[in-house]
Every structure is written in C-alpha cells, then in structure tokens.
Amino acid sequence: MEKTAKSPFRSYLWLIFVILIAVWLLQTLKGNSETYSYGQMKSDLDEGSIVSASITPDAAGNAGYVTVVFKNGLTQRVYVTNVSDSEKLLRDNGLDPVVRDRSMVNWVVNILLPIVLLAVVMVFLLSAILGPPPSQSANSKMFTFGKSRAVITNGDGKITFEDVAGLREEKEDLSEIVDFLKDPAKYTNLGARIPKGVLLEGAPGTGKTLLAKAVAGEAKVPFLSISGSDFVEMFVGVGASRVRDLFEEAKKHAPCIVFIDEIDAVARRRGTGLGGGHDEREQTLNQLLVEMDGFTENSGIIVMAATNRVDILDPAILRPGRFDRKITVQRPDVGGREEILKVHSRNKKLSEDVDLEKIARTTAGFTGADLENLLNEAAIGAAKGNHPFISMEQVNNAFIKTGIGTEKKSRIISEKEKKITAYHETGHAILFHVLPDVGPVYTVSIIPTGVGAGGYTMPLPEKDEMYLTKGKMLQDIMVSLGGRIAEEIIFGDITTGASADIKQATKVARSMVTRYGMSENVGVVCYDDDEDEVFIGKDLAHAKAHSEEISGQIDREVRAIIDDCYAKAKEIILQHEDILHKCAALLLEKEKIGREEFEALFSEG
Ligand code: ADP
Ligand code: MG
Ligand code: ZN
C-alpha cells in the first residue's frame, strides 16, 4: 500500500474532542454562579476548604466575580456586589486573592476565547468534511481545502514497463498511449483520435495499478492518482466537487494521466443503490461523465481506471468518448510467473538452490501480488533464521504459509486437477475447431480465472450474427458438453467441474424447445413467457401457461436434444483422441496456448 487509508472516524473523534474541551473551558471560566452563594463561600472560608481565590471586577466597577479554588481542585464563582469587601474577607481568611484587570479579562473571556474556539471548531469541521490536506510530498499547489485529494507524482520514470513482468499483450496495448503522451503533436497533426479513457480490468493483485504507473513512468508525464472510494463521502456534493477539482488539476498538468483506482466505488450501475436513485455516488458518477465528455480528445489527458468488478459498472462509462478502451489484465501463466519472480528477486539474496522456474510451475493461479508476497515471506523467514541467503526451504515454508492464508483467492492446484482441466478445456477446443458454425479457438487456458473456474476456452467469432440457426445452437450445445465428454473418455470418471457447462447446454436446449419452436414433437409454439428474470420467484407467482402434459413433453424433448448432442460430440472427440492428448500435454506445459499453436496440432496429425 502506498497511501495510508484515511479514517473519517478519526477526524470526527477529533471534532467531538475539541467541542468537549471548548464547552469545559467556557464552563470553568464562567463558573457556576447560580448554585454557589456568598453565604456558602463564607462558610467554606471558615472551614478552610478554599485554598486560593481571584477577583474579577465587572465593567460596572464596584461589583464583580470572585472565583475560589477548593483543595480538591474544583472552582466555584460567585457574584459579589462589593469587590473591596470581598477582598478583605478573603485576606482575613489568610488568602491572597489576585485581582484581575477587568477589561483584559472581559475581553479575553467574552470575545477572544469564543472566536478562537469557534475558529478551531470550524477548521476541524472543514477538515472532517474535506479530508486532511495532502501531505508535504504532494505538489504544494494542492495545499488547499476542498481539493481533489489526488496524489500527484511526477513521471520521473521511476516505474517503467520493465518493472511490470509478463503482461506482454497488455503492455503492447498501452504502448500506443505512451507514445501519444510523449509526443501528442505527432498524432494530432494527422488528425488521429486517441482514446480518452482506458479501463483496466482484472483480479486483485494482477498488476493494474502497477501498469498504470508504468505508463506514466514510460511517458514521463505526471500521474494523478485517486481512489474511487475517496469520492464517496457522507456529505452530498463533495464527491462531485472533488471530481471537478481533479480534472481542473489535470488540465494544469497536461499531458498527464489521471488514474482512478477501484472505480467501481463510484461507477456502480446507477439506480441500484438502496433507498432510491439520487444518492451521492450517482451525482459523483454523473460529474465524472460530464468531465470526461467535456475535455476534447486530444487535450493530452488520458484517464485510466482500474476495477476488479467490471460486471457491476454502469454501462454509461464504457460508451465511446469515455472509457473506450478496455484492457483485461490476466493472471500470469507459467512464463509470466517466472518473469515476475525474477523482477521481485532482483533485490533479494537467493541461494543457488532456488529454482524460480520450479516455483513458477507450482503456483498456477497466483497473481503478481501473491508471488511478491511469497518471496517476501521467504525473505522474512530467512532473516528470522539468521540465514545469509534465501534458500528453497524458506520458499517452501512461505509457500505453505501464503498458500494456506490465501487459499480462497488463489487455490493451489494439484497436478491431478490441472490434468483434468487440461483435458476438459481441450474437449471444448476440439469441438470449437471441428464444428463449422462455432469457433475458431482464440485461446485455451488452464489458468484458474476465479471462483470455481479451472480454465477457459475462448472462441473468436468471425461473423456477427443476427439470427441463431438451429444448427448453430446444436453445435453450441455440443461444445458445452465437450469438457465433460473429454473427462469421461480419459479418466473414466467425471467431475463436478462441468456444472456450468451443463447448465448452459440445458438453457440453450430448453430455449430451442420453448421459445424458438425448433422441436417437432412440441411444435412451433411459444411456451416461454419469461420476458426477463428480474423478479425472483416469478415462476411461483405466475400460473404456468401450459399443461403438465406439455411440461413433461418439453422436458423429454430437452433431454433428447442433449443426449443426441452428447453422442455426436463424443464421436468427434474420439476421432481426434490423438489431438486430445497432444493438446492437453501442451497445456500442462504452457498453461495457455494461442490460436496458431492450437491449429498447428491439427496440421501435424
Ligand atoms: P492491482 O492493482 O491489480 O490490484 P497492483 O498493481 O497493486 O495490483 O499489484 C500489487 C503488487 O503486486 C505490485 O506492487 C507488484 O509488487 C506486484 N505485481 C503484480 N503484478 C506484477 C507484475 N506483472 N510484475 C511485477 N510485479 C507485479
Ligand atoms: Mg490496485
Ligand atoms: Zn467447461
């Protein structure tokens, strides 16, 4: 973490503290004249419980206040009509009262003190609302209240693409932006339009923030960074005004990069907030959109943003002229992991037995942050044991430690699991390749993508289709079933890993029957009145539009379609069993293969 999270809680505590002090001060200075009487003071003097006293004549001259201090430290104040009489009484009781200059005291107590206290309270109130002023290291121009709180670092090239290991494609996508920031005129002279916004999307710790910093470092331009959560405040309007300030500031520093980390905090889909639409976040988002629309394309400001929840973002921010470039930052593959390990072991003393390649192999699913953490834990372990170097033993210990600690986010995958995933994904990929209306395959990967998914096979659809044909839908079902079929062929056993595939296949088959009239036995009738699935329990509330008999028939028809697809798909995969083995082996070695490598397997055979 580069920036300590500010706690609004703390500033409110301060505020309460200051108010309490103020109240207490005023109380003690004014005393409590209603409950304490002259007679009481007299008897207290007789008792000897008063240790000192002071007299403050009031403006009228003769009269004034006597303030007495008791043995226990408490004070009381009493109004007296004759100051000199009171002074005599006190002296008779062995006290030496201080007689204050009334005008000074009155001025201090009645005018200066309230003003000072009020000012202090105001300052704290303001800073509670607007946050603490930026630290000294930030640009001095920023030392003003109400500013955006962005942290500006000059792109002095401290972090460059060299510090970002792996992520080759991502860096390549961004190099264009770097080039533009270096020399905007080159592009504007040709009338080229450069994207205004780049959205980096990917799992936490995959290097999004690092990548954004590296772009600024490569281009040597200022980097204004702010976190989405900095915009979200209790007070309505503050977020929007911070956005305005942020862009104001950016214009002064152009060409520059504005980086909004964790943008999902502000750019959540509008209208989904609890308790109605127009909340603070929505205003902030609107302001952000207005600002992004407001500056011209080639003003030299590039807005970068990062999120790990692209699914909850408001679609409006992805519209052209806003974040029109989306870059998915992937979890690293074996090679990428080795490179990341190399980067992070640069300043660490490793003993000779540490094999980074081997570590890379056993850490499928780890992100850059996980790997950095792994090496750091190993270094701590070595230091604790007073070893001069980090040895493989410490790495293994760290592996267990971090592995267990982060079990949920980056599961350590056993060889067996990896093998199953490799065959499963190959099953999908072969069908994508062989069947005419689907595919071709763009990437096959066995890098875990997140919760539950062991890998993925991504097709590259070549044509835009307006209508789905029955043939294409059947092929989609076959592709979905391919993973399960491969598992069955190779392992003679099946896993739970295919549940999402099965669900998908069933969904397609059911819509063929109930929505598109593609089944002869059921006929060209729509039995599907589900317009959308917004309401949970809609099925319960609505009576089914058809009889039990039709329901049974639909179920049988769906079943028949799936069974038929399963058999056909199995036949195709069996015909290509050699490729199944070859591709799975390649996947186990490289974890991710591209289109060329995959297609080469077919031409070899
Ligand atoms: P994100 O913003 O995606 O959550 P960060 O960019 O904050 O991730 O990465 C956290 C840390 O993980 C970085 O500071 C860096 O030490 C390490 N890291 C992540 N990805 C890489 C990478 N590709 N190369 C080198 N270090 C990386
Ligand atoms: Mg980050
Ligand atoms: Zn699958």
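**Around the ligand**

Of the 17 residues around ligand 1, those that come nearest are Ala-165, Gly-205, Lys-208, Thr-209 and His-344, where a residue is near a molecule or strand if one of its heavy atoms lies within 4 Å of it. This is a predicted model, in which local features need pLDDT of at least 70 and side-chain atom pairs count only at pLDDT 80 or more, while totals for chains, interfaces and linings use all residues. Residues are numbered from 1 along each chain as its sequence is written, chains are lettered from A and ligands numbered from 1 in the order in which they are written, and side-chain values use heavy atoms, with hydrogens and water left out.

An oxygen atom of ligand 1 lies 2.6 Å from a side-chain N or O atom of Thr-209, and a nitrogen atom of the ligand is 2.7 Å from a side-chain N or O atom of His-344. The backbone takes part as well, with an N or O atom of Gly-207 at 3.0 Å from an oxygen atom of ligand 1. On its own ligand 1 has 560 Å² of accessible area, of which the protein covers 80% (areas come from the Shrake-Rupley method with a 1.4 Å probe; for residues, only the protein chains shown count as cover). Helix H7 (208–219), helix H11 (334–345) and helix H13 (368–384) are the elements that give two or more residues to this shell; helices (H or I, at least four residues) and strands (E, at least two) are DSSP runs, numbered from the N terminus.

**The strands**

Four strands form an open sheet of mixed pairing, in the order S3-S2-S1-S4, and two strands pair if DSSP finds at least two bridges between them. Strand S3 (75–80) and strand S4 (98–99) stand at the edges with a single partner strand each, so one side of each is left without a neighbour in the sheet. Strand S2 (residues 64–70) pairs with S3 in the antiparallel sense over six bridges, and Gly-64 stands opposite Val-80 in S3.

S11 pairs antiparallel with strand S12 (residues 456–459) over four bridges, where Val-444 has Thr-457 as its bridge partner. Three bridges also join S11 to strand S13 (residues 592–594), again antiparallel, and here Thr-443 is partnered by Gly-594.

**The cysteines**

Cys-256 counts as buried, at 0% relative accessibility, and Cys-583 is buried with a relative accessible area of 0%. A search of the whole structure finds zero disulfides, a disulfide being a pair of cysteine sulfur atoms within 2.5 Å.

Notes
Buried < 20%, exposed > 50% of the residue type's maximum accessible area, 1.4 Å probe, protein only. Polar contact = N/O pair within 3.5 Å; in protein donor to acceptor, adjacent residues only side chain to side chain.
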